[in-house]
Amino acid sequence: MHFIIIIIKDTDQNMYKLIIFDLDGTLLDTLGDIANSTNYALSQYNFPTHDTDQYCQFIGNGLVKLIERALPADKRTDDIVSMVKNEFLKHYFVHAEELTKPYEGISGLLNTLRDMQYSLAIASNKTHPATVSLAKRFFPGIIFTDVFGQREGYPAKPNPGILNEIIANAGVNKSEVLYVGDSGVDVSTAKNAGVDFIGVLWGFRPQKELEDLGASTFVKNCSELLIIIEQKKIR
């Protein structure tokens with residue numbers, strides 16, 4: 001009599017399966033194009049403009065907050081914000097790819113993670129059409145499980161809804177999810193969603209901002225990020 005022995009390996013619950021990335025300041029350096037479009041919009045109404053570096057402090061909470069922060073304090077009414085926002089959108093959708101580029105090593109990292117069969121997604125507070133367009137333009141070889149920007153009727157980060165939706169669509173446990181971002185907003189989003197977080201130090205915000213909100217794991221380059229993802233070593 002012959003027996004066939006079938007060995008079934010348990011799924012390793014100590015592995016990440018889904019890596020969700022922020023976009024601005026994490027995957028793409030979009031600062032120059034955002035600054036140029038905002039300054040253009042401000043100039044249409046004779047409001048003061050700002051140096052590009054100042055926009056590091058304006059970005060992160062969505063377009064409305066960006067416009068509010070760029071406007072003089074006494075001009076942040078709903079009507080003015082709406083008018084400047086409309087000028088921004090008209091300019092940005094034409095000029096969004098002029099200075100924008102992936103950070104060093106990002107394209108290679110995404111290709112490697114894809115080849116290793118990780119599920120990949122993007123969760124951004126940038127407007128949804130711009131998020132989708134930039135992802136297609138700069139990462140055409142990556143099939144993301146989801147690419148979500150700020151959508152009408154959906155709360156912006158740090159509300160965890162955007163991460164929860166991506167996780168549900170991917171059909172994974174939260175213990176199998178890593179969120180990667182560059183700002184305090186991203187730290188709070190990960191915390192609110194109950195998933196691991198890694199902060200990248202090449203983005204728009206300083207490490208201290210992330211640390212003050214509870215982040216403890218940081219990477220200086222994509223090689224360091226890949227090592228942590230493979231080994232799942234979150235402090």
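A residue is called buried when its relative accessible area is under 20%, exposed when that value is over 50%, and partly exposed in between, as found with a 1.4 Å probe on protein chains only. By that rule D186 counts as buried, at 2% relative accessibility.

The structure is a predicted model, in which local features need pLDDT of at least 70 and side-chain atom pairs count only at pLDDT 80 or more, while totals for chains, interfaces and linings use all residues. Residues are numbered from 1 along each chain as its sequence is written, and side-chain values use heavy atoms, with hydrogens and water left out.

**Salt bridges**

Side chains of opposite charge can pair when their charged atoms come close. With a salt bridge taken as a side-chain nitrogen of Lys or Arg within 4 Å of a carboxyl oxygen of Asp or Glu, the structure holds 13 of them.

| Pair | N to O distance |
|---|---|
| D24 and K126 | 3.1 Å |
| K90 and E87 | 3.1 Å |
| K157 and D186 | 3.0 Å |

The elements named below are DSSP runs numbered from the N terminus, helices being H or I runs of at least four residues and strands being E runs of at least two. In the pair of K157 and D186, which meet in a salt bridge, K157 belongs to the loop between β5 (146-150) and α6 (161-170) and D186 to helix α7 (residues 184-193), so that distant parts of the chain, 29 residues apart, are linked.

D24 and K126, whose closest N and O atoms are 3.1 Å apart, are both buried. K90 and E87, by contrast, are three residues apart in helix α3 (residues 78-95), a separation of about one helical turn. K90 is exposed at 55% relative accessibility, whereas E87 is buried at 14%.

**The sheet**

Two strands are said to pair if DSSP finds at least two bridges between them. Six strands form an open sheet with parallel pairing, in the order β5-β4-β1-β6-β7-β8. Since β5 and β8 (218-219) stand at the edges with a single partner strand each, one side of each is left without a neighbour in the sheet. Within the sheet, β6 (residues 177-181) pairs with β7 (residues 196-200) in the parallel sense over four bridges, and V180 stands opposite I198 in β7.

**Cysteines**

If a disulfide is a pair of cysteine sulfur atoms within 2.5 Å, the count comes to zero. The cysteine sulfur nearest to that of C56 belongs to C222, 18 Å away, which is too far for a bond. Both residues are buried, C56 with a relative accessible area of 14% and C222 at 9% relative accessibility.
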